[in-house]
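Please view the sequence and model below before reading on.

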Amino acid sequence: MNEQEFEKMKNQRIWYPYAQMKHMKTPYHIVDANGVYLYTDDNKMIDSISSWWCMIHGYKNPEITDAIKAQAEKFSHVMLCNLSHDGAVEFAEKLADFLPGTLNHVFFSDSGSVSVEVALKMAMQYYINKKQRREKVLSLKNSYHGDTFKTMEVGDSSEYHFAFKQKTNVDHINTNIEELEDAFKNHGEEYYCMIVEPLLQGAGGMKMYDISFLKRARELCDEYGVLLIFDEVATGFGRTGNRFVSDLVLPDIVCLGKALTGGYIGHAATVASDKVYEAFYSDESGKALMHGPTFMGNALAMTAGIKSLEIFKRENYMKKISHIEEFSKKLLSGYKNPKIKEIRIMGGCIAVEANNPADLTGYQDFAYKNGVFARPFSNIMYAMVPYIITDTELTQVIETMKAWWNKQ
C-alpha cells in the first residue's frame, strides 16, 4: 500500500455496508427527504426501494414526526427489564390484535436480524423446555434471514455470506413440495423449526413462490411437531399484497421489522403463539427466555409503531398496495427484452431479473440522472416503493427501468 492509499484508508470514518471500501463509489449525499423523494444538493429523486423496504409512509410524515417529538418530551428510552411503559404495552396489544390467530406474545428487539435470532432461540428452547432433543433446522435455498451468525447459518446466501460457509444441522430445500415432503420424511423428528421468508424471498433474489408450498409446510410441521417460523421482516405490512402472509397460513412464530415503525426508528418484534409462550410460562426459572436487547421496547420506536399502524389501517393501505400491483402490471404488460430473463410482480414489489448481472452495471447512476434512486443487486433490478406513491411517480420509476433496457 503506497502513502496515498494509506491516507485514503486512514481517512475513511464510516465503514459502509456491502461494499469493498477501497473502490466503493462515492455515495449520494442526502440533505433532505420528503414524501417519496430524497434530495441531494443538486438532485431530487424518487426512493424506489423505500430505504431497504421500510419507509412505507414515505419521509417526513407529520403524524409520525409529531408523535415522536411528543414522546421525546417525556422520555426517549427506558430499559424493558423490571421497568415498563405505556407505549410498549399499547403497541404489543395493538400488534397482537392486528396479527392473525394466536400470535399474541410480542418480544421486541432492535433489528430484523435479531428478531430472527430470537425466534430461532425460542424454537430451540421450546423443545429443551419440553425435554425433547431436536437439533436441526429446515430452511430454503436462496434464503436470507440477516447477517448475524445464526441467521447466516440458516440462510443460504452466497452473495452476502460467502466468507461464512459453515452450516451445522441445517437443511436447505427448494420451494418444491416433493423436496419438502422428502425432508420431513427423512428428518422430520429431528427438526426444531422450519423457517421461511413466505411467498417472497428478498435479498436472495426477489424469488416468488406459491402459497401451496406454505400450506403443505404447515401440515407437515403439525404432523411432525415442528415449529413453523415466518420471517416477515420484509414481507409484513402489505409488501406481498397481503397484510401478512401469516393471514393465509398461520406460523407458530412471526418475525417483524422494517415497516414495523414505518421506517422511522429501527426496531423489530418476534411474536409467538400461545402454544410457544406456554412452554416458557412456568414455576421453573430455568424455563425463562434469557434474552434482552438493550433497546427493546424503545419508547420512541413504540410511539412511531403505534402511529404507523394507525395510519396503515385508517388510510386503507391494502387498497393502495393492490393498486400499485395492478398499475405496475399494466405498465409492464408485454414488455420484453432479450437481456431480461423474467419480470415478476407481487403486491408492492417489482423484480426484473437479468440474464447477466453485468447488464445492470451503471443502472444506479442512470436512474439517478432520471430522478430515481435504485439499488440493483446481483442480477436483480427491483422496486419496492413507498405505499403513498402516486401513479405519476410510479410511472417515472417503471419508465426509468424500461429506458435502461431499451438502450442496452
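The model is predicted: local features need pLDDT of at least 70, side-chain atom pairs count only at pLDDT 80 or more, and totals for chains, interfaces and linings use all residues. Residues are numbered from 1 along each chain as its sequence is written, and side-chain values use heavy atoms, without hydrogens and water.

Helix α8 spans residues 177-187; helices (H or I, at least four residues) and strands (E, at least two) are DSSP runs, numbered from the N terminus. Its residues Leu 180, Ala 183 and Phe 184 are buried, that is, under 20% relative accessible area, where exposed means over 50% and partly exposed in between (1.4 Å probe, protein chains only). Seen down the axis of α8, the buried residues fall within an arc of 90°, so they line one face of the helix; the arc is that of the directions from the helix axis to the C-beta atoms. On the other side of α8, Glu 178, Lys 185 and Asn 186 are exposed.

Elsewhere, four strands form an open sheet of mixed pairing in the order β1-β2-β3-β15; two strands pair if DSSP finds at least two bridges between them. Strands β1 (32-34) and β15 (372-373) stand at the edges with a single partner strand each, so one side of each lacks a neighbour in the sheet. Strands β2 (residues 37-39) and β3 (residues 44-47) run antiparallel and are joined by three bridges. Leu 38 has Met 45 in β3 as its bridge partner.

Finally, Met 9 lies in helix α1 (residues 3-10) and is partly exposed, with a relative accessible area of 41%.
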